Amino acid sequence: MALFVLLTQTSWGFASLNTGLDDMVLDFSIAYFIVDLLHYLILIPGDYLFIAHHLATLFVFITCRYLVRHGAFALIVLLTLAEVTSPCQNIWTLSRLWQTESPNAAKLHQFLSLPFYALYTLMRGFAGPVFFYKMSAYYLSGEADDVIPSWLSILWIIVIGGAIGVSILWISSHWAEFYRKSRDNVEKKKLR
């Protein structure tokens, strides 16, 4: 839905008034994050990082949608860049959870790891930070202050920057694990 909005909007900017389509994407995303947050609060209450991520994301989406009604462009681009990885991440996560129970899940997890890590790194480690830098520079320039208060745009920058930082740490730890397992496999083959 976010990609559709990006492809169909003719003019946009970091401080543009939200359109009806923008609001639809934000409303859908808010609903999704509320339901997912409730799921975590009820079933996995100890996953503090994920719960904090959802609360922070809801803050940004809700203030953009209902408080200032401007700036959806930046959020929809970032949402698109992040969610491009979701189908692969969902399958990768499920196969990871079942890899000790199922040889097929283990094979699928091993097969998906490298392409998933590469896609995630490209989207959330490079494209997302580049776009975030442009967004931050725009908001810090004060050009949006007449429609998005500077205190709010600074909070958006902090929250989104933190989320990007956590994503980079997460994928870095998985790359390190992937490298470690690959090195161990090579050493085992040498010993045979």
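How many aromatic pairs does a search of the whole structure find? The search finds 21. Rings of Phe, Tyr and Trp (its six-membered ring) pair if their centres lie within 6.5 Å; planes under 30 degrees apart count as stacked, over 60 as edge-to-face and the rest as tilted.

This is a predicted model, where local features need pLDDT of at least 70, side-chain atom pairs count only at pLDDT 80 or more, and totals for chains, interfaces and linings use all residues. Residues are numbered from 1 along each chain as its sequence is written, and side-chain values use heavy atoms, with hydrogens and water left out.

## The chain

The chain has seven helices and zero strands. Its pattern along the sequence is α-α-α-α-α-α-α. Helices (H or I, at least four residues) and strands (E, at least two) are DSSP runs, numbered from the N terminus. The C-alpha trace spans about 70 × 35 × 30 Å along its principal axes.

Of the 192 residues, 39% are buried. Buried means under 20% relative accessible area, exposed over 50%, and partly exposed in between (1.4 Å probe, protein chains only). The accessible surface is about 11300 Å², and carbon and sulfur atoms hold 69% of that surface. Among contacts with a separation of 6 or more, 70% join residues 24 or more positions apart. A contact means heavy atoms within 4.5 Å.

The chain carries 13 positive and 13 negative charges, and their mean positions are 17 Å apart. Lys and Arg count as positive and Asp and Glu as negative; His and the chain ends are not counted.

## Aromatic pairs

| Pair | Centre to centre | Between planes | Kind |
|---|---|---|---|
| F14 and Y139 | 6.1 Å | 70° | edge-to-face |
| Y117 and W175 | 5.4 Å | 65° | edge-to-face |

F14 lies in the loop between α1 (2–8) and α2 (20–43), and Y139 in helix α6 (residues 103–140), so this pair ties together parts 125 residues apart in sequence. Both F14 and Y139 are buried.

Y117 lies in helix α6 and W175 in helix α7 (residues 150–191), so their pair ties together parts 58 residues apart in sequence. Y117 is buried at 3% relative accessible area. W175 is partly exposed at 28%.

Ring pairs also build a cluster: W12, F14, F73, F131, Y138, Y139 and W156 are linked.

## Annotated spans

An unreviewed UniProt entry places the feature "domain: TLC" at residues 1–183. UniProt annotations may be inferred rather than shown by experiment. Over residues 1–183 the chain is 81% helix and 0% strand, with end C-alpha atoms 41 Å apart.

The unreviewed UniProt entry also gives "transmembrane region" for residues 50–68, 114–133 and 153–173. Residues 50–68 are 100% helix and 0% strand, and their end C-alpha atoms are 26 Å apart. Residues 153–173 are 100% helix and 0% strand as well. The end C-alpha atoms of 153–173 lie 30 Å apart.

Where does I51 sit? I51 is in helix α3 (residues 48–68). I51 is buried, with a relative accessible area of 10%. Leaving out residues up to four places away in sequence, I51 touches L37, Y40, L41, I44 and P45. I51 and F33 are 18 residues apart in sequence, and their C-alpha atoms are 9.9 Å apart in space.

Methods: Areas by Shrake-Rupley, 256 points an atom, 1.4 Å probe, with all protein chains shown as cover. Charge placed at Lys NZ, Arg CZ, Asp CG, Glu CD.
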